[in-house]
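User: I would like to go through this structure term by term. For each label, set the value against the cut-off and conclude.

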Amino acid sequence: MCKIISIANQKGGVGKTTTTLNLGVALALQGKSVLLIDLDPQANLTKYAGIDDSERPTISDLLKGQIGMGERIYIEGCIRYSHINDIEYIPSDINLANADLYLAGVLSRETLLKRILNNDIIKSYDYVLIDCNPSLGVLLMNALTASDGVIIPVQTQDFAFDGLTALTNIIAQIKSTINPELEIIGVLATMVDNTNVSKRVIEDLKKEYGDKLFKTVIHRATQAVESTNKHKSLCLFTKSKLGDEYKALANELIQAYI
Ligand SMILES: Nc1ncnc2c1ncn2[C@@H]1O[C@H](COP(=O)(O)OP(=O)(O)O)[C@@H](O)[C@H]1O
Ligand SMILES: [Mg+2]
């Protein structure tokens with residue numbers, strides 16, 4: 001059964017994109033078939049996974065085609081392959097930044113992505129991971145409506161909790177209306193270091209989310225930046241603590257779904 005998972009937090013820089021690529025590659029290394037979707041106009045995942053980020057069509061073309069604002073595009077035509085990471089992904093581009101505008105007058109605009117993903121090609125994957133944009137707008141609504149679950153990366157720094165209630169409220173709203181299947185799979189502590197702030201935030205996350213806090217935490221390490229620059233997942237480095245942590249996260253996720 002295909003699981004569609006949104007990696008979401010409206011805060012930028014918390015590790016959504018890093019988690020999407022590395023969790024995806026870690027799942028693939030466990031023999032799962034995985035598709036990544038870049039749903040952020042900043043296209044960071046596209047740049048991370050691929051070397052040429054100017055190729056069309058993208059997820060933006062797919063959404064526009066679905067509402068008749070351009071050529072109708074088939075999802076197969078949007079799926080790219082990252083040779084370095086041995087993983088498939090649907091890229092994004094800056095045109096997605098106008099999604100709020102061009103979807104404004106469209107009926108059932110929250111279910112567009114769900115309708116696009118409702119086909120046998122998508123169902124043939126074990127996992128589809130959606131890298132969300134940092135906002136609570138129509139793109140996030142689309143991601144959450146199309147998903148079975150959400151992973152929320154939280155940077156263990158001051159103000160980590162800011163905005164989390166707004167996000168969990170939206171998740172609850174979508175669950176109680178258009179997507180009853182939606183669940184928070186887990187909260188992921190990222191960029192953990194030895195500071196007291198980091199320790200306190202983890203304790204607070206445990207209190208607030210209990211079992212929903214992943215046991216695996218992702219530490220802060222400069223290798224993350226090196227990985228982005230090399231377009232190569234940490235899980236494929238010969239030696240990487242972060243890579244091992246993302247592999248442990250993949251195991252936790254697989255266990256959660258047995
Ligand atoms: N565990 C980590 N340790 C150190 N730097 C990290 C880590 N995870 C991500 N980063 C870096 O932090 C920045 C933001 O991460 P990113 O995954 O792009 O966040 P988001 O998608 O939430 O905006 C990037 O430059 C990334 O390389
Ligand atoms: Mg990102």
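Analyst: Start at the ligand. This is a predicted model. A polar side-chain atom of K16 is placed 2.9 Å from an oxygen atom of ligand 1.

User: What makes the approach of K16 to ligand 1 a polar contact?

Analyst: A polar contact needs a pair of N or O atoms within 3.5 Å. The K16 pair stands at 2.9 Å, so it qualifies under the 3.5 Å limit.

User: Which distances do T18 and A221 show to ligand 1?

Analyst: T18 brings a polar side-chain atom to 2.6 Å from an oxygen atom of ligand 1. A221 uses a backbone N or O atom, 3.0 Å from a nitrogen atom of the ligand. The protein covers 79% of the 550 Å² of accessible area that ligand 1 has on its own.

User: How many residues surround ligand 1, and how do they divide by type?

Analyst: The ligand is surrounded by 16 residues. G13, K16, T17, T18 and H219 are the closest. Seven shell residues are nonpolar, seven polar and two charged.

User: Turn to T156. Why is T156 called buried?

Analyst: Buried means under 20% relative accessible area. T156 has 0%, so the label holds. The residue lies in the loop between strand 6 (149–155) and helix 8 (164–176).

User: What does the side chain of T156 reach?

Analyst: The T156 side chain reaches the backbone oxygen of M191 at 3.4 Å. The limit for a polar contact is 3.5 Å, so this pair is within it.

User: F159 is in that loop too. Is F159 buried or exposed, and how do you know?

Analyst: Exposed means over 50% relative accessible area. F159 has 61%, so it is exposed. The loop between strand 6 and helix 8 holds this residue. F159 also has a positive phi, about 65°, although it is not a glycine.

User: Where else is there a positive phi at a residue that is not a glycine?

Analyst: At A43, where phi is about 55°. A43 is placed in the loop between strand 2 (34–39) and helix 2.

User: Why does A43 count as buried?

Analyst: Its relative accessible area is 5%. The cut-off is under 20%, therefore A43 is buried.

User: What kind of peptide bond joins R56 and P57?

Analyst: A cis peptide bond, with omega about -5°. P57 sits in the loop between helix 2 (44–49) and helix 3 (59–66).

User: Next, Q10. What makes Q10 buried at 18%?

Analyst: The value of 18% for Q10 is under the 20% limit, so the residue is buried. Q10 is in the loop between strand 1 (3–7) and helix 1.

User: How far is the C-alpha atom of Q10 from that of G163?

Analyst: They are separated by 7.4 Å. Along the chain, Q10 and G163 are 153 residues apart.

User: What are the corresponding values for L164 and K11?

Analyst: L164 and K11 are 153 residues apart in sequence, with 9.0 Å from C-alpha to C-alpha. L164 belongs to helix 8.

User: Why does L164 count as buried?

Analyst: L164 has 3% relative accessibility. That is under 20%, so L164 is buried.

User: Last, G186. In which strand is it, and what makes it buried?

Analyst: G186 is in strand 7 (residues 183–190). Its relative accessibility is 0%, under the 20% cut-off, so G186 is buried.

User: How far apart are G186 and H231, in sequence and in space?

Analyst: They are 45 residues apart in sequence. From C-alpha to C-alpha, G186 and H231 are 26 Å apart in space.

Conventions:
Residues are numbered from 1 along each chain as its sequence is written. Chains are lettered from A and ligands numbered from 1 in the order in which they are written. This is a predicted model: local features need pLDDT of at least 70, side-chain atom pairs count only at pLDDT 80 or more; totals for chains, interfaces and linings use all residues. Side-chain values use heavy atoms; hydrogens and water are left out. A residue is near a molecule or strand if one of its heavy atoms lies within 4 Å of it. A polar contact is a pair of N or O atoms within 3.5 Å; within protein, one must be able to donate a hydrogen and the other to accept it, and residues adjacent in sequence count only if both atoms are side-chain atoms. Accessible areas come from the Shrake-Rupley method with a 1.4 Å probe; for residues, only the protein chains shown count as cover. Ala, Val, Leu, Ile, Met, Phe, Trp, Tyr, Cys and Pro count as nonpolar, Asp, Glu, Lys and Arg as charged, and the others, Gly among them, as polar. Helices (H or I, at least four residues) and strands (E, at least two) are DSSP runs, numbered from the N terminus. Buried means under 20% relative accessible area, exposed over 50%, partly exposed in between (1.4 Å probe, protein chains only).
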